[in-house]
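Hi,

Here is the structure I promised to pass on. Have a look at it first, and then read on for what turned up.

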Amino acid sequence: MAHTRISAKYPPHIDPTKAPIAFGDRALPKLKRELADPDLLVRQRALMALCDLLHDPELAYSAVEVGCLENLKLLLKDEDATVRRKTTEIFYILVTHSIGRFAFLDNDVIMPLSELLDDPEDICRKNMHMVLEMFSQIPAGRNLNLTE
């Protein structure tokens, strides 16, 4: 006769770093709420999931429409290096899409992003430079005045 055995370990096919996301139209609003969560692990999981989702241009457009950029701008100042790193990765993914470049102009993302020039993490600075390089490929990005 078989016995039931309950393990504290996750099954091998479940990644504990990714947040369980909702299906369809409810996924991005839920992730937006999780980005503002005070719990560090919830924010990190939401960033991991959002990083995977935004490779799809339709989901990138939806993320801009839902208002994820406002929460992401705030996460650039987070004290956790992983949060800042994943946030800059998400910005790089967004700037590879046309909608993301123009959303950067509409939401004033460049100035908070440029504050990471003095970040102690190398990867944050590298991602920030890649974002600025991609953003400068459009005429509006080249003509942007950063002096304030």
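Let's begin with the inside: the largest nonpolar core has 35 residues, and L72, F91, L94 and F104 touch the most other members. By nonpolar core I mean buried Ala, Val, Leu, Ile, Met, Phe, Trp, Tyr and Cys residues joined through side-chain atoms within 4.5 Å. Buried is under 20% relative accessible area, exposed is over 50%, and partly exposed is in between (1.4 Å probe, protein chains only). Among the elements giving two or more residues to this core are α1 (27-35), α5 (81-95) and α8 (122-135); helices are DSSP runs (H or I, at least four residues), numbered from the N terminus.

A word on the source: this is a predicted model, where local features need pLDDT of at least 70 and side-chain atom pairs count only at pLDDT 80 or more, while totals for chains, interfaces and linings use all residues. Residues are numbered from 1 along each chain as its sequence is written, and side-chain values use heavy atoms, with hydrogens and water left out.

Now the charges. There are 7 salt bridges, counting a side-chain nitrogen of Lys or Arg within 4 Å of a carboxyl oxygen of Asp or Glu. In one of them, K30 pairs with E34, with the closest N and O atoms 3.2 Å apart. These two sit 4 residues apart in helix α1, so about one helical turn separates them. K30 is partly exposed at 24%, whereas E34 is buried at 15%.

In α8, D122 and R125 are 3 residues apart, and their salt bridge has its closest N and O atoms at 2.4 Å. Finally, R85, K86 and E89 are linked in a salt-bridge network.

Cheers
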